[in-house]
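Please consult the sequence and the model shown below while reading.

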Amino acid sequence: MSLAADKAKLTALTRDIVNQWDATRDYWRDAKALEFQRKYIEELTASVDKATGVLDDLDKVIAKIRSDCE
């Protein structure tokens, strides 16, 4: 599997989690829901954003290494 495919899968799975959370928030609207969102959902999305940026950078490095080795 390529880094681009891994990035796409990570992004899609995270989007699914966020969509499920949005559906849950229709029914769960108290202080604990807000705490959960801040502690887990926002942290997850921030971490995935960082990870996808790193995957992009890593993909560029690997492409350069392949190019240099040819």
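## Terms and basis

A residue is called buried at under 20% relative accessible area, exposed at over 50%, and partly exposed in between (1.4 Å probe, protein chains only). Helices are DSSP runs of H or I with at least four residues, numbered from the N terminus.

The model is predicted: local features need pLDDT of at least 70, side-chain atom pairs count only at pLDDT 80 or more, and totals for chains, interfaces and linings use all residues. Residues are numbered from 1 along each chain as its sequence is written, and side-chain values use heavy atoms, with hydrogens and water left out.

## Helix H2

Helix H2 comprises 39 residues and covers residues 31–69. From its first C-alpha to its last, H2 reaches 56 Å, close to the expected 57 Å; the expected span is 1.5 Å times one less than the number of residues. At Gln-37, H2 bends by about 35°, the angle between axes fitted to the seven residues ending there and the seven starting there.

## Packing against helix H1

Which residues of H2 are buried? They are Ala-33, Ile-41, Val-48, Thr-52 and Leu-55. The buried residues of H2 pack against helix H1, residues 3–25, where contact means heavy atoms within 4.5 Å.

## Partly exposed residues

Leu-13 belongs to helix H1. Leu-13 counts as partly exposed because its relative accessibility is 46%. Between Leu-13 and Leu-34, the separation is 21 residues in sequence and 22 Å in space, C-alpha to C-alpha.

Val-61 lies in H2 and is partly exposed, with a relative accessible area of 44%.

Technical notes: Helices (H or I, at least four residues) and strands (E, at least two) are DSSP runs, numbered from the N terminus.
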